[in-house]
Amino acid sequence: MKQFYRLPRWLRIVLPAIAVSLCLGINAVAFSEMMVLFPQMHPNQILNQLNRTVLEEVEAKPGVLTELPPLPTATVSSEPVSEPVPASETAPEPLKLEPKYGHFPYAEGNAAEMERIASYAEGDTQRYEILHSDAAAKLLEMVAAARVEGIWLVPTSGFRTIAEQRTLFNAQIAAKGSPEAAAVTSAPPGYSEHHTGYAVDLTDGTLPPSEDVSLAFAESPAYDWLLANADRFDFEISFTADNPQGIAYEPWHWRYIGSPAAQAAFKSQSTAQL
């Protein structure tokens, strides 16, 4: 810079003028060439056109990213990095069709689709029973029709989760000594019709609580009424005497089959092999 100021004054004026003229000339030539390439375009549109052209060329090439992925955030961890688990190992197992101890498998219904049908027991043992909304509506209709005829139908058990069934089944194993013996009167978890939300246990309101869910129900007026009228409300008994599944006779256990969803829930009965 000091050398520039040592030059004669006239030269210090001429040199910057020459430099500015050269820059203007170069810019004019470049702009004129761009206008030839992109005629009738506003200068501000030229750059946009170039960007679009480049983007179209990149997108036309398979496997080329049009956007760069974000940079990973550096983290400090003392735990070892584990290999990713294949999707086949993390996917839930499909519902098996093979029966277990004579019981068919059933998926657990959606509790959000259930409706309250009754309150059973009193005090600390009181609980509220629920069924799928379709089955609940028809059950309450059936209970009302029976009541008109002097029959007191009482729901004692409806929808049951797999976890709840596991507790019941384990209690039966403890009482009877083995899973095989327990399965004669209680389904293993995942194999109960109660999981569907379409099955219900019933009793006669005139029976003492000690005889609820017992063979005493088969001698009650309520059972006779069900045999004669349950089909009008799309209910049927699940486990008759000498049923092919080998399950103990359960006169109290009835299931709803009045909707396509309910029929599909029990379809495994006809597809599984005992």
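Entry 1: Does Tyr-223 count as buried or exposed? I noted first that this is a predicted model. I looked up the relative accessibility of Tyr-223 and got 8%. The cut-off for buried is under 20%. Tyr-223 therefore counts as buried.

I then placed Tyr-223 in helix α8. Next I listed its contacts, leaving aside neighbours within four places in sequence. They are Phe-217, Ala-218, Ile-237, Tyr-249, Pro-251 and Trp-254. I also checked Leu-153, which lies 70 residues from Tyr-223 in sequence. In space the two are 8.9 Å apart, C-alpha to C-alpha.

**Entry 2: the helix.** I moved on to the whole of α8, residues 221-229. Which of its residues are buried? I found Ala-222, Tyr-223, Trp-225, Leu-226 and Asn-229. Their arc around the axis is only 160 degrees, so they sit on the same side of α8. I kept a general rule beside this: an α-helix has 3.6 residues a turn, so residues three or four places apart point the same way.

What covers these buried residues? My list includes helix α5 (133-148). It also includes the strands β3 (153-157), β4 (199-204), β5 (235-239) and β6 (250-256).

**Entry 3: the sheet.** I traced the strands next. They form an open sheet of four, in the order β3-β4-β6-β5, with antiparallel pairing. β3 and β5 stand at the edges with a single partner strand each, so one side of each has no neighbour in the sheet. From one strand to the next, the twist averages 45 degrees.

I went through the pairs in turn.

- β3 and β4 pair over four bridges, and Val-154 stands opposite Thr-203 in β4.
- β4 and β6 pair over three bridges, and Asp-201 stands opposite His-253 in β6.
- β5 and β6 pair over four bridges, and Phe-239 stands opposite Glu-250 in β6.

I then looked at how α8 meets the sheet. The helix packs on it and touches β3, β4, β5 and β6. The direction of α8 makes about 40 degrees with that of β6.

**Entry 4: strand β4.** How many of the six residues of β4 are buried? I counted six of six. Ala-199, Asp-201 and Thr-203 point one way from the strand. Val-200, Leu-202 and Asp-204 point the other way. Both sets are buried.

Terms used:
Residues are numbered from 1 along each chain as its sequence is written. This is a predicted model: local features need pLDDT of at least 70, side-chain atom pairs count only at pLDDT 80 or more; totals for chains, interfaces and linings use all residues. Side-chain values use heavy atoms; hydrogens and water are left out. Buried means under 20% relative accessible area, exposed over 50%, partly exposed in between (1.4 Å probe, protein chains only). Helices (H or I, at least four residues) and strands (E, at least two) are DSSP runs, numbered from the N terminus. The arc is that of the directions from the helix axis to the C-beta atoms. Contact means heavy atoms within 4.5 Å. Two strands pair if DSSP finds at least two bridges between them. Axes are lines fitted to C-alpha atoms, for helices over the stretch in contact, and angles run from 0 to 180 degrees between N-to-C directions.
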